[in-house]
Amino acid sequence: MANVGGGLGAEIKDHFFYAAEHLFKEEKQAEAAPLYRYIIDRETERSDQTFIFCQFRLFQCLVGVSSENNREALERFEPFYYRLPEDIQLDALLLTANVSYSLGDWKRVERYGDELYALAQNVYDKLKKEKFVKKLHTERHLVVYLGHGLRIKGFVLTMQGRYEEAKKYVAAYSDLGWFEFLDETGKKEVEKFRVWSQGNMYALELKTGNGKVVREYVDFLQNHPAEFLGGAKTIIEAANRFDFEVDDFLETLVKKLPPVNSDVSYLDGTQLFQFWYEKALHSFKKNRIIVGIDELLYALYLAQVMKYYLGFEKCTTLFREHGDYATEQQKLGYKHIVEGVFDL
């Protein structure tokens, strides 16, 4: 990345770039961001590779828990990702797909997922033709990008209600052992995709109304804590849609969820919001109004913290429908959250 030119002197640019990279690799994104921004704002040669790479680094630094900030960061970065080298572009596509998911922008998720899979397959095919394995400058093993391309496609088809088609993609990443160049790291990644596939197959069964797998799915989630939050959300959504009887499992699910005021990523925060919103709906259906209002306040709190405005509006609308039954403490809690004075 030291090939420099344009309006900012090469020596000065290198100084700021290497300083920013040092901070970034020490996970000090907040300190690195102004340095990347300094290079971007002063570079006049828009085709300069350091300029393009700094756009990616700034995007990585800016992505956080605020949906508004994430949207701005994504839109700022989008014109540049395809100008990155292919291997770095893999990381960029995976991150843009994840950010798009957090924003609920399913068209972007599908687009970036398709591009990710196509590029990963292309890079893989090129490597197979080489006599030696080329050193890729990627953050993850190559199999990760191919697997996530399939996983994203399965997710998008699931969102579109095309469950049988989705199962084909979920099955495709259940066994990536055929992938060449698998070292120990790669084999561990393949195992992760196998676990994700198993969990997502359970989820697809639930989404098609097969309530018989609930107990198996809960057992699976207890053995795979990393899948717990998404699985709990799927179970409560299916229970609401198909009237599954899940009360026996809800206590287990709730006990293992992260607290609403814990430090979670935007993706996890979004799933946690969806769980508590659906859980409130479930309690209202069961005529457990006071409990449901408490759960709704958890969801409202999360929406406020994340600046998730659509979720915030859904919660306030639902609260108004049941607000007459709220206790004085619940009404005060609602007022504090709406006003931004967090007191749960």
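1. Helix H14 comprises 18 residues and covers 26 Å from its first C-alpha to its last, close to the 26 Å expected at 1.5 Å a residue. The expected span is 1.5 Å times one less than the number of residues in the helix. Helices are DSSP runs of H or I with at least four residues, numbered from the N terminus. H14 is mostly covered, with 13 of its 18 residues buried; buried means under 20% relative accessible area, exposed over 50%, and partly exposed in between (1.4 Å probe, protein chains only). After H14 comes Lys307, which has a positive phi near 55°.

2. The structure is a predicted model, in which local features need pLDDT of at least 70, side-chain atom pairs count only at pLDDT 80 or more, and totals for chains, interfaces and linings use all residues. Residues are numbered from 1 along each chain as its sequence is written, and side-chain values use heavy atoms, with hydrogens and water left out. The predictor's confidence in each residue, pLDDT, runs from 0 to 100. Its mean over the chain is 91, and 95% of the residues reach 70 or more. Over residues 1-6, however, the pLDDT is below 50, although this stretch has 20 contacts in the model beyond near neighbours in sequence; a contact means heavy atoms within 4.5 Å. Where pLDDT is low, the predicted coordinates should not be read in detail.

3. Glu295 lies in H14, which spans residues 289-306. Is Glu295 buried or exposed? Glu295 counts as buried because its relative accessible area is 5%. Its side chain makes a polar contact of 2.7 Å with the side chain of Ser283. A polar contact is a pair of N or O atoms within 3.5 Å; within protein, one must be able to donate a hydrogen and the other to accept it, and residues adjacent in sequence count only if both atoms are side-chain atoms. Not counting residues up to four places away in sequence, Glu295 touches Trp276, Lys279, Ala280 and Ser283.

4. The largest nonpolar core contains 60 residues, and Tyr36, Phe56, Phe77, Leu84, Leu90 and Leu142 have the most contacts inside it. Helix H7 (residues 142-159) gives the most to this core, contributing nine residues. A second, separate core has 50 residues, including Phe249, Leu297, Leu300 and Ala326. A nonpolar core is a set of buried Ala, Val, Leu, Ile, Met, Phe, Trp, Tyr and Cys residues joined through side-chain atoms within 4.5 Å. In soluble globular proteins, nonpolar side chains tend to be buried together.

5. Next, the cysteines. How many disulfides are there? The count comes to zero, a disulfide being a pair of cysteine sulfur atoms within 2.5 Å. Cys61 is buried at a relative accessible area of 13%, and Cys315 is buried at 1%.

6. Cys54 belongs to helix H3 (residues 49-62) and is buried, with a relative accessible area of 0%. Leaving aside neighbours within four places in sequence, Cys54 is in contact with Phe17, Tyr36, Ile39 and Ile40. Gly113 is 59 residues from Cys54 along the chain, and their C-alpha atoms are separated by 23 Å.

7. Two further helical positions are of interest to the reader. Ser100, in helix H5 (residues 86-102), is buried at 0% relative accessibility. Beyond its neighbours within four places in sequence, Ser100 is in contact with Leu74, Asp105, Arg108, Val109 and Tyr112. Leu23, in helix H1, counts as buried at 19% relative accessibility.

8. Backbone angles deserve a check in the loops. Most residues other than glycine have a negative phi. Glu27 has a positive phi, near 65°, and sits in the loop between helix H1 (10-25) and helix H2 (29-42). Asp243 has a positive phi near 60° and is found in the loop between helix H11 (228-242) and helix H12 (247-255). Glu27 is exposed at 64% relative accessibility, and Asp243 is exposed at 60%.

Notes. Helices (H or I, at least four residues) and strands (E, at least two) are DSSP runs, numbered from the N terminus.
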